[in-house]
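Biologist: I would like to learn how to read a few features of a model. Could we go through them together?

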Amino acid sequence: MIWKVLMALAVVAILVGGGVWVSDGMQFFTKDREPIVTVTKDPLFGTETESTTWVETFRLGLLPDDAAITAVHRSYGFILGVSGAVIIGSWIMLKRHRTRL
């Protein structure tokens, strides 16, 4: 019974994580900041200047935003990998349980 529950939770995690990934724009890399570009026009000389400010935000990506092992959990690939491993492990355990009976 526990293996079926784990499989169901893994499928839900894949679907919810996929929904978040799609709603965040299907980015390849996870983003932790977002640029806000402000264009100001100088009325005296008629020139335009752009200023960029970075706002802290989180957008889930397929891969993590850093190469360090501590940032792996911030990606949809991690959700897919762990959920896939849980599904495969649960399927193997269910098969082992059926062959013993």
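Biologist: How are H1 and H2 oriented to each other: roughly parallel, roughly antiparallel, roughly perpendicular or oblique?

Modeller: Start with the angle classes: under 35 degrees is roughly parallel, over 145 roughly antiparallel, 65 to 115 roughly perpendicular, and the rest oblique. Axes are lines fitted to C-alpha atoms, for helices over the stretch in contact, and angles run from 0 to 180 degrees between N-to-C directions. In this predicted model, helix H1 (residues 2-23) and helix H2 (residues 76-100) pack at about 160 degrees, with axes 9 Å apart. H1 and H2 are therefore roughly antiparallel. Helices here are DSSP runs of H or I with at least four residues, and strands are runs of E with at least two, numbered from the N terminus.

Biologist: Before we go on, which conventions apply to the model?

Modeller: As the model is predicted, local features need pLDDT of at least 70, side-chain atom pairs count only at pLDDT 80 or more, and totals for chains, interfaces and linings use all residues. Residues are numbered from 1 along each chain as its sequence is written, and side-chain values use heavy atoms, with hydrogens and water left out.

Biologist: Is the crossing of H1 and H2 left-handed or right-handed?

Modeller: A crossing is left-handed if the near helix is turned anticlockwise from the far one by less than a right angle, and right-handed if clockwise. H1 and H2 cross in the left-handed sense.

Biologist: Which residues of H1 and H2 meet?

Modeller: Contact means heavy atoms within 4.5 Å. On the H1 side, the residues include Trp3, Leu6, Ala10, Ile14 and Trp21; on the H2 side, Tyr76, Ile79, Ser83, Ile87 and Leu94 are among them. The residues of this contact divide into 16 nonpolar, four polar and one charged. For those classes, Ala, Val, Leu, Ile, Met, Phe, Trp, Tyr, Cys and Pro are nonpolar, Asp, Glu, Lys and Arg charged, and the others, Gly among them, polar.

Biologist: In which sense do S2 and S3 pair?

Modeller: Two strands pair if DSSP finds at least two bridges between them. Strand S2 (residues 31-41) and strand S3 (residues 48-59) are antiparallel, with ten bridges. Ile36 has Thr53 in S3 as its bridge partner, and Lys41 stands opposite Glu48. The two strands make a hairpin with six residues between them, where Gly46 in the turn has a positive phi of about 80 degrees.

Biologist: And which residue has a positive phi although it is not a glycine?

Modeller: Most residues other than glycine have a negative phi. Met26 has a positive phi of about 50 degrees, and this residue is found in the loop between H1 and strand S1 (27-29).

Biologist: How is Gln27 classed by accessibility?

Modeller: Buried means under 20% relative accessible area, exposed over 50%, and partly exposed in between (1.4 Å probe, protein chains only). With 25%, Gln27 is partly exposed. Leaving out residues up to four places away in sequence, Gln27 touches Trp21, Leu60, Gly61 and Leu62. The C-alpha atoms of Gln27 and Leu62 are 6.5 Å apart, although 35 residues separate them along the chain.

Biologist: What does Phe28 touch, neighbours within four places in sequence aside?

Modeller: Phe28 is in contact with Gly61, Leu62 and Leu63. At 49% relative accessibility, Phe28 is partly exposed.
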